Amino acid sequence: MDQRYKDFLTKKCGEENYKKIVDLENPKLYYFIAKYVELCDPDRVFVRTDDPKDAEYLRKKAIELGEEKTLAAKGHTIHFDGYFDQGRDKANTRYLLRPDEVLGSDITSMDREKGLAEIHERLSNIMAGREMYICFFCLGPNNSPFSIPAVQITDSAYVTHSEDILYRPGYEEFKKLKGSDRFFRAVHSSGKLTNNVSEDHHNRRVFINILDEIVYSVNTQYAGNTVGLKKLAMRLAIKRSSEEGWLTEHMFIMGVHGPDNKRVTYFTGSFPSACGKTATAMLGGEKIIGDDIAYLRNINGTLKAVNVERGIFGIIQDVSQENDPTIFKALTDPGEVIFSNVLKDPSGNPRWLSDGRQDPREGINYSGDWFPGKKGPDQKDVPFAHKNARYTISLKNMDNCDPKIEDPNGIEIGGIIYGGRDSDTSLPVVESFDWNHGILTQAATIESETTAATLGKEGVREFNLMANLDFLSIPVGRYIQNNLEIIDGVKTPPRIFHVNYFLRGQDGKYLNGIKDKHVWLKWMELRVNMNAEALKTPIGFIPEYKDLAELFKKVLGKEYKKESYDEQFTLRIPEQIAKISRIREIYHTKVFDAPHILFKTLDAQKTRLTKCRKEHGDYVKPSAFGA
Ligand code: SPV
Ligand code: MN
C-alpha cells in the first residue's frame, strides 16, 4: 500500500478500523476508501464489519447525533428529513454519461466529466468535524449467485442503521471477492446540518456513475435519495444485469396459497411507488418475501427471483388495524422500527395519516412543533404527518415472512403482476395472452398518476414502463428487449397479469374496496395452476363472474354482486384506444430504440379493440365475451 495513504488512513481510522479495511485484501476497495476519506476529510472513520457490535455502535450513534429519537415503545425510533426533502428527487438525480453513451430523452443524464467534477467539488471537506461510516453489505441473500457486495460510505448513522435493517451483512462477502472489483460503491453526505436538517438542501445531488458502478448523494436526507443500496444501486444493477443477461426489477415477491392452503405459488409484482405494491406483498394469510426490488435469473430453465433486501422501507399512510393487520401489529409491537416523517405525539408514540385512530392535536413532526392549521416555510398547509412518511422494519419481524427469503438459489416465479394508478382505463385484473403480449401491452404500457413518493405535483398521469422508468440506466428499448428475452430457454414462463386497484366509476368513486386485491391474487393463483377458465377479450383474459363470486365469499366473506362485476369489468374501448395512441406516441417520439414488435403488438391490440367496438359499442360488458 502507498505509504502516504497508509499514514493518513491510520490516523483517521485508528489501528482497529484500519485493520478491518486491510483484512479485506482488496486494493481497489482500499484506494476507493482512501480517495473518499481524503476528499471528504472526516475527523474520524468507523468501519462496520458483520460483527453485531458494529451495528449496535451505529444504532447508538444515530440517537447520540440526534438523527433518530427514541419513542415510547422499546426499539422504536423516529427520524425526520428536511421539510423540502420528503421524496425521491427526480430532477436532481442524474446518470453521468460519456459523450458516446445515449440513454434516451426520458432518462435524465449529464456529461460524466462535468458531473464527477461537480460532485467531487461538493464532497470536498464535507465531513470535516464529523465521523465517516464505511459499511459493507450484500445485495441479495448471502452466498448466492444472484448477489452483489456493496460498500456504503456515509456521514449519516441513520443511513447505515436503515441499511442494517434493509440489507444482509457484506463484510464476509467482500472477503470472498478475493480482491476483485466487482462490487458496488455508494458515497453519501447529508452535508452541513443545522438542527439535523441539511442546510444545503437546495443543492441536493444524486449522481449515478454507471461506468465505475459508484453512486453519489450529497446534501440529501430522505432515504430514497440517501440509502445508496436501494434505488441508487438498483440503477447500477439494471446496467450490470443487462450486460449479463438477467433482470433487475422494481418488484415485490410473495407466495399465494392455493385452495385449502395446499400449495403456494410465487408471484412478483411491479407497481409504481405508492400504488399498493407493499400492501399486496404483505396481505394477511399469504407469504411475503420482499416488497421492492428483485433480481431475476433463468436458472437451469426456471425463472427465479431473490429479494435484494431483507427489510421494508414502506409507506405508512393508510396502515391501520382494519386494513393491514399484519404490518400494523409489527409497527405497534415493541421491536426495531425506524419511523420517518410521522408525528411524535406527546406520549411519545408515532402517529401517521389514516392510521384508523383519532387525529392528534399536537406533537413534533418534520416541520418542528406541529399544531392544526400550521403553515410550512412554503406557506402550504402542514399535515400532522407527511403523505410519504415511512417505516423501516426487518421482514423477519413480520408474522408472514417466508423463510425462503434467504434461499440463495431464489424462488421459482409462477406469475408476474403489473399495475399502476389508473382511474379510468384498465380493468381490475387481466391475464395476458402470452409472455410477449404481457410484456408489451401490460408492462411496457404502464401509466400511473404521480404520488407523494417523488417530489413534484401529484395526480399527473405519467408513462412508467414496468414501474421501473425512474431507475433505468439503459435505453428503454434495450430494457424491453431484455424482458422479452429473459424467458429464452425457460420451460414454463410465468403468466403475466395486469391489475388496477384505482378504477373509478362515472360518479368518480373507486369501484373496488381496498381488500379486493386479495381476490384478484387468488384468481391469478388459480389461473397459474390451470384451475379456472377465463373469458377472452381483445386485451387478454378476464375472470368469469362465478369464480370471483366464489372467491369473494371465501376470501373476504362478502357477496359479490353481478352488477359490480359488470361495472368493474366493462371494457372501456375509447379509453383503451386512447391509451394505445398515447403510448405509441411516446415510443415513437421519445424512445429511439423501441423494438418493432412493440408497435406491431400494440397495433394488433388496437385492431381487436376497434373490431369489438364495431360489434358491441364503446363500453362492452363481460357478457359479450361469453359470460
Ligand atoms: C419507492 O418510492 O418506490 C420506494 C421508496 O420504494 S424509495 O426508497 O424512495 O424509492
Ligand atoms: Mn420502490
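**Exercise 1. In which strand is Phe541 found? Work out its surroundings too.**

Before you start, keep in mind that this is a predicted model.

Step 1: Phe541 belongs to strand E34, which covers residues 540–543.

Step 2: Decide whether it is buried or exposed. The relative accessibility of Phe541 is 18%. Buried means under 20%, so Phe541 counts as buried.

Step 3: List what it touches. Setting aside residues up to four places away in sequence, Phe541 touches Val429, Val430, Glu431, Ser432 and Phe433, and also Trp523, Arg527, Ala534, Leu535 and Lys536.

Step 4: Arg527 lies over the face of Phe541, 5.4 Å from the ring centre.

Step 5: Take one distance across the model. Between the C-alpha atoms of Phe541 and Arg240 there are 35 Å, and the two residues are 301 residues apart along the chain.

**Exercise 2. Find another ring with a charge over it: which ring does the charged end of Lys517 sit over?**

Solution: Go to Lys517 and follow its side chain. The charged end sits over the ring of Tyr501, at 5.3 Å from the centre of that ring.

**Exercise 3. Describe the site of the manganese ion (ligand 2).**

Step 1: Name the protein donors. They are Lys231 through NZ, His250 through NE2 and Asp292 through OD, and they lie 2.1 to 2.3 Å from the ion.

Step 2: Read the spacing along the chain. The donors of the manganese ion follow K-x18-H-x41-D.

Step 3: Check burial. Both Lys231 and His250 are buried.

Step 4: Stay on helix H8 and turn to Ser242, which lies in this helix. Ser242 counts as buried, at 19% relative accessibility. Apart from neighbours within four places in sequence, Ser242 is in contact with Ile474, Arg478 and Asn482.

**Exercise 4. How many aromatic pairs does a search of the whole structure find? Examine two of them.**

Step 1: Take the total. The search finds 32 aromatic pairs.

Step 2: Examine Trp370 and Phe384. Their rings are 6.0 Å apart, centre to centre, with 65° between the planes, which makes the pair edge-to-face. Trp370 is in strand E25 (residues 368–370), and Phe384 is in the loop between E25 and strand E26 (390–394). Trp370 is buried, at a relative accessible area of 8%, and Phe384 is buried at 6%.

Step 3: Examine Phe502 and Tyr510. This pair is edge-to-face as well, at 6.3 Å centre to centre and 65° between the planes. Phe502 counts as buried at 12% relative accessibility, whereas Tyr510 counts as partly exposed at 40%.

Step 4: Look for a cluster. Ring pairs link Trp520, Tyr545, Phe552, Tyr560, Tyr565 and Phe569.

**Exercise 5. Which residues touch the most other members of the largest nonpolar core?**

Step 1: In soluble globular proteins, nonpolar side chains tend to be buried together.

Step 2: Apply this to the model. The largest nonpolar core has 158 residues, and those touching the most other members are Leu139, Tyr295, Tyr391, Leu465, Trp520, Met524 and Tyr587.

Step 3: Zoom in on Leu139. Beyond its neighbours within four places in sequence, Leu139 is in contact with residues including Ile148, Tyr167, Phe184, Leu229, Tyr295 and Val308.

Step 4: Look for a second core. A separate one of 37 residues includes Leu29, Leu116, Met127 and Phe174.

Definitions and conventions:
Residues are numbered from 1 along each chain as its sequence is written. Chains are lettered from A and ligands numbered from 1 in the order in which they are written. This is a predicted model: local features need pLDDT of at least 70, side-chain atom pairs count only at pLDDT 80 or more; totals for chains, interfaces and linings use all residues. Side-chain values use heavy atoms; hydrogens and water are left out. A nonpolar core is a set of buried Ala, Val, Leu, Ile, Met, Phe, Trp, Tyr and Cys residues joined through side-chain atoms within 4.5 Å. Buried means under 20% relative accessible area, exposed over 50%, partly exposed in between (1.4 Å probe, protein chains only). Contact means heavy atoms within 4.5 Å. Donors are N, O and S atoms within 2.8 Å of the metal (3.2 Å for Na, K and Ca); water is not among the atoms, so sites may look incomplete. Rings of Phe, Tyr and Trp (its six-membered ring) pair if their centres lie within 6.5 Å; planes under 30 degrees apart count as stacked, over 60 as edge-to-face and the rest as tilted. Helices (H or I, at least four residues) and strands (E, at least two) are DSSP runs, numbered from the N terminus. A charge sits over a ring if NZ of Lys or CZ of Arg is within 6 Å of the ring centre and within 35 degrees of the ring normal.
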